[in-house]
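Open the model in your viewer and keep the selection tool ready. This tour goes stop by stop.

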Amino acid sequence: MGLAAAASKRDSCEFPGRDPSFAASIWYATLLTRVRGLRSAARLLAGEQSDVQGAHRPEVQAALLICEAEISLAGGQLTRAVAAADAGLRLAAQTGNCGLVRRGHVAMAVCSIRALDLTTGLLYANHLRDAALLGQENLIPGQSFWAVAQALEARDGVESVAHLLKGVLRHDVLIRELLVSQPAAAPWLVRAGQRLGDDDLAGRVVGVMHRLAVMNRSFRSVRASAEHASGLYARDADALEAVSERHLDPWARASALEDASRVRSERVAERGQAVDLLRRAAGAYLGAGASRDLARVQSRLRELDDHGGRPARSRTRISQLTDTEFAVAELVSEGLTNSRVGSQLYISPHTVAFHLKKIFRKLDVTSRVELARSWNRILVEGGDDRLGGSGEGLPRPAHGPGGRVAALPT
């Protein structure tokens with residue numbers, strides 16, 4: 001990090017028009033993003049963008065855009081992240097820079113999965129897998145694993161990635177890159193190990209993350225990730241709730257609250273606290289644009305309310321939707337046809353139409369147009385009751401380059 005910071009300084013540059021520190025500045029901003037120094041990274045990138053003005057090669061412009069996408073994704077601004085990644089990918093493809101292309105594919109895959117656009121997420125995950133088969137696995141291997149594993153888990157469940165999870169810890173470079181650059185990765189791996197009943201996998205992740213935190217004491221994001229993984233492994237709700245305040249990554253913060261809620265919900269006396277934590281998690285996911293996670297939390301809230309949590313008599317309209325209905329409403333509000341919604345969710349257009357009838361009744365709307373027009377308002381209405389007063393609108397899902405829904409490769 002120190003070397004990147006030094007290289008990014010311009011005062012020693014002999015040829016300003018061909019400033020080598022320009023690329024170093026972008027790389028320094030990328031490293032800052034990995035450890036969630038987002039404000040510093042954004043300031044640094046803004047300075048470089050003011051100088052670019054078409055004078056630099058397309059490759060440099062692509063690097064700027066991809067870095068901007070990573071900053072936006074890390075900050076929970078999915079719409080901005082998708083726009084920047086899409087533009088950066090177009091330029092990167094022209095230049096043939098495989099590293100930038102891989103980073104763009106990772107950003108697009110993760111954004112799409114969080115925004116409940118599994119088809120596009122799987123498309124970009126397949127691009128990353130194809131790159132590995134072509135011998136390009138040395139390009140950000142940890143980041144690529146992270147995107148591919150999440151896409152497969154979203155489609156087929158955690159059992160489908162069990163072999164990937166067991167293999168990842170055998171690669172020291174890969175696992176270190178992943179755990180340092182993705183604050184939510186260690187808890188995600190521990191959670192997956194617990195769901196698979198693989199205590200050895202979960203314990204090894206905690207051990208590796210602890211060692212990384214000791215080696216990188218100055219980075220708050222690494223320390224928070226280690227504490228989150230340890231608290232999850234020990235099923236310590238107090239520790240999980242505390243670390244949610246220390247996370248710099250909004251998605252990781254939301255997942256810590258959700259984990260704390262899950263632990264507390266196992267104890268009848270703490271069900272009320274579990275509901276409160278889950279509401280906070282829902283608000284954090286909403287702020288991070290994570291539609292998929294928000295739908296899961298909404299479902300869990302209904303479950304807790306029905307089994308000893310707070311009474312559900314004053315449920316909002318949005319809380320009455322099932323997970324599938326929520327997903328259908330989200331996509332239809334984007335203007336997708338029944339056929340395209342069905343392809344996203346792996347259900348038939350007839351089934352989509354069946355769900356829409358129930359959605360219209362539950363949300364008290366009469367048409368697709370009315371649903372699209374009122375969807376954000378309905379979400380905020382639900383946020384006032386379920387999400388602890390969050391007034392933020394939900395960013396729209398990404399549907400691939402140019403707003404198109406990408407087709408899933410066969």
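Start with helix α14, residues 237-244, in this predicted model. Which of its residues are buried? Select Ala 237, Leu 240, Val 243 and Ser 244: these are the buried ones. Look down the axis. The four cover an arc of only 130°, so they lie on the same side of α14.

Now show what they pack against. The partners of the buried α14 residues are α13 (220-234), α15 (250-265) and α16 (271-287).

Stay at the start of α14 and select Asp 236 and Asp 238. A side-chain oxygen of Asp 236 comes to within 3.1 Å of the backbone nitrogen of Asp 238.

Next, move to Trp 146. Find it in helix α8, residues 141-156. Is Trp 146 buried or exposed? Its relative accessibility is 1%, so Trp 146 counts as buried. Leaving out residues up to four places away in sequence, Trp 146 touches Val 110, Arg 114, Leu 178, Gln 182, Ala 184, Ala 185, Trp 188 and Trp 251. Pick Val 110 from that list. It sits 36 residues from Trp 146 along the chain, yet their C-alpha atoms are 8.5 Å apart.

Select helix α10 (residues 172-181) and helix α11 (residues 185-195). Their axes come within 7 Å and cross at roughly 115°. Show side chains: Ile 175, Leu 178 and Leu 179 of α10 meet Ala 185, Ala 186 and Leu 189 of α11. What kinds of residue make up this contact? The count is 6 nonpolar, no polar and no charged.

How values were computed. Residues are numbered from 1 along each chain as its sequence is written. This is a predicted model: local features need pLDDT of at least 70, side-chain atom pairs count only at pLDDT 80 or more; totals for chains, interfaces and linings use all residues. Side-chain values use heavy atoms; hydrogens and water are left out. Axes are lines fitted to C-alpha atoms, for helices over the stretch in contact, and angles run from 0 to 180 degrees between N-to-C directions. Helices (H or I, at least four residues) and strands (E, at least two) are DSSP runs, numbered from the N terminus. Contact means heavy atoms within 4.5 Å. Ala, Val, Leu, Ile, Met, Phe, Trp, Tyr, Cys and Pro count as nonpolar, Asp, Glu, Lys and Arg as charged, and the others, Gly among them, as polar. Buried means under 20% relative accessible area, exposed over 50%, partly exposed in between (1.4 Å probe, protein chains only). The arc is that of the directions from the helix axis to the C-beta atoms. A polar contact is a pair of N or O atoms within 3.5 Å; within protein, one must be able to donate a hydrogen and the other to accept it, and residues adjacent in sequence count only if both atoms are side-chain atoms.
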